[in-house]
Amino acid sequence: MPTVYLSLGSNIDRDHNIHSGLDQLAAEFGALGLSPVYESEAVGFSGDAFYNLVASLDTDLPVGELAERLHAIERAHGRVRGEKKFASRTLDIDILTYGDLTGDVDGVELPRGEILKHAFVLRPLADLAPRTEHPVLKRTYAALLEDYRFPEQRLWQVPFVWP
């Protein structure tokens, strides 16, 4: 069964939405691996700070079906698809990687490009899976974090207990 890494973020009632989103993921998929939670400034727009983390789960669901189930969890938290790319979010869940799959799979680009663009994605991914290799670059997330320091993107680890 492939391991899937997901990025979760929220800047609207963020503590509640992250907890509730994790509860729903665990109810649907079972055991989750979790990174620390980071607070980060909004990127691309002026807004409240986000909570971000990475979760891992194992599933045999096809990528497209997994994406639909994740969208349903987002909708249950008030997320409306088709919003501006850079906007406040109740809950955002993105598939970062799905095993070693690459390219466009069921309309999902794998691995997700944000891994190498945003500290709030790569930092928690490297925390959770430091020795796991990026499926295209074949370098570990810990090594990639060394290369991509993101000096303009500040993160703060926050105390977060789940469940």
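Which residues is leucine 8 in contact with, leaving aside its neighbours within four places in sequence?

**View 1. Surroundings of leucine 8 in the predicted model.** Leaving aside those neighbours, leucine 8 is in contact (heavy atoms within 4.5 Å) with Ile18, Leu22, Leu25, Tyr51, Asn52, Leu53, Ala55, Asp92 and Ile93. Because this is a predicted model, local features need pLDDT of at least 70 and side-chain atom pairs count only at pLDDT 80 or more, while totals for chains, interfaces and linings use all residues. Residues are numbered from 1 along each chain as its sequence is written, and side-chain values use heavy atoms, with hydrogens and water left out.

**View 2. The largest nonpolar core.** This core (buried Ala, Val, Leu, Ile, Met, Phe, Trp, Tyr and Cys residues joined through side-chain atoms within 4.5 Å; buried means under 20% relative accessible area with a 1.4 Å probe, protein chains only) has 28 residues, and Leu6, Leu8, Leu25 and Ile95 have the most contacts inside it. Helix 2 (63-76) is one of the elements that each supply at least two of its residues, and the largest share, five residues, comes from helix 2.

**View 3. Strand 1 (3-10) beside strand 5 (92-98).** These strands (DSSP E runs of at least two residues) pair in the antiparallel sense over six bridges, where pairing requires at least two bridges found by DSSP. Leucine 6 stands opposite isoleucine 95 in strand 5, and seven of the seven residues of strand 5 are buried.

**View 4. Helix 1 and its packing.** The buried residues of helix 1 (a DSSP run of H or I, at least four residues) include Ile18, Leu22 and Leu25, and the buried set packs against strand 1, strand 2 (33-34), strand 4 and helix 2. Just after helix 1, glycine 30 takes a positive phi of about 90°.

How values were computed. Buried < 20%, exposed > 50% of the residue type's maximum accessible area, 1.4 Å probe, protein only.
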